[in-house]
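Subject: Structure handover

Hi,

Here is the structure we talked about. Please keep it open while you read the notes below.

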Amino acid sequence: MSLPSEAATQGLASHRAVYDLSLNQMKKGGGVLDARGRIVLEIKKECDGFVTRQRMLVDIQRQDGGGVVSDFNFSAWESLNGDQLRFTSSDTINGRVAEMFDGFATANGSENKVTFNDEDKTEMKLPKDVMFPMTHTYKVLDAAKAGLPLISARIFDGSNMDGLQDSLTIISKKGGQRSEVAKQSGMGKMRYWPIQMSFFDLRDRKDEPDYSIHFQIYENGVGDQLKMNYRDFSLNGKLTELELLEEPKCNN
């Protein structure tokens, strides 16, 4: 695995973004009547790595009259060179904790594994070519700047026990519009690329992805114009708030 250097990660901006979620499409037979919610995402560069915090709250109303409120919280630290990941995640459904994970993962080529802090969870081995999320973001941007149309990668994100997935990212050259929020944040002339990321469960080996995400990624790593496709429905994510955060002053 080729790890990003510290110099290569300089262009990834520390930022806090808020996306308002709304129902885009109901899938036939999925039983979903409506869905709405919000994502709050914060990515902050530190001198030794990137800290990511994300909360995704979604209220799903079903055609049978029932409802589901999902509250997903995730935080992680990933080293600048992409060889270490600390993570904590929890998923609460209708007020009850459905899943909770925390642990430490390494991807240094000689020992790629995940160690969970919960004694009930076994250690997980990772493939040699695995990437963590921020490393994957860097690779996608590097491919986009080089004019490459796609990149495939095996990613572990620490979100749950199934956090190891195959991914395929298709990079387009044109399409979409900049949001007003992005323009007002000084990104009106910054390069961006429409992206489609598809994720596949390694165990199923299906041709169809488990889920996919369409969005525009700016060259500083900020995402815009989200569309998330799940089995039963899809969501639009409108960027409503964006704050570019102060970068750390580090002694090199």
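Which residue forms a salt bridge with Glu180? Lys183 does, with the closest N and O atoms 3.4 Å apart. A salt bridge here is a side-chain nitrogen of Lys or Arg within 4 Å of a carboxyl oxygen of Asp or Glu. Both residues lie in helix α2 (residues 180-187), three residues apart, about one turn of the helix.

Before the rest, some ground rules. This is a predicted model: local features need pLDDT of at least 70, side-chain atom pairs count only at pLDDT 80 or more, and totals for chains, interfaces and linings use all residues. Residues are numbered from 1 along each chain as its sequence is written, and side-chain values use heavy atoms, with hydrogens and water left out. Helices (H or I, at least four residues) and strands (E, at least two) are DSSP runs, numbered from the N terminus.

Salt bridges

The whole structure holds eleven salt bridges. One of them pairs Glu42 with Arg53 at 3.2 Å, N to O. Glu42 is in strand β2 (residues 32-45) and Arg53 in strand β3 (residues 49-62), so the pair ties together parts eleven residues apart in sequence. Another joins Glu123 and Lys113, with the closest N and O atoms 3.6 Å apart. Glu123 sits in the loop between β7 and β8, Lys113 in strand β7.

Aromatic pairs

Rings of Phe, Tyr and Trp (its six-membered ring) pair if their centres lie within 6.5 Å; planes under 30 degrees apart count as stacked, over 60 as edge-to-face and the rest as tilted. That rule gives eight aromatic pairs. Phe101 and Phe116 have ring centres 6.4 Å apart and planes at 55°, so this pair is tilted. Phe101 is in strand β6 (residues 96-107) and Phe116 in strand β7 (residues 112-116). Phe101 is buried at 6% relative accessibility, and Phe116 is buried at 7%. Buried means under 20% relative accessible area, exposed over 50%, partly exposed in between (1.4 Å probe, protein chains only). Ring pairs also link Phe87, Phe101, Phe116 and Phe156 into a cluster.

Asp224

Asp224 is in strand β14 (residues 223-229). Asp224 is buried yet has no salt bridge. The nearest side chain of opposite charge, Arg178, is 7.7 Å away. For charge, Lys and Arg count as positive and Asp and Glu as negative; His and the chain ends are not counted.

Best wishes
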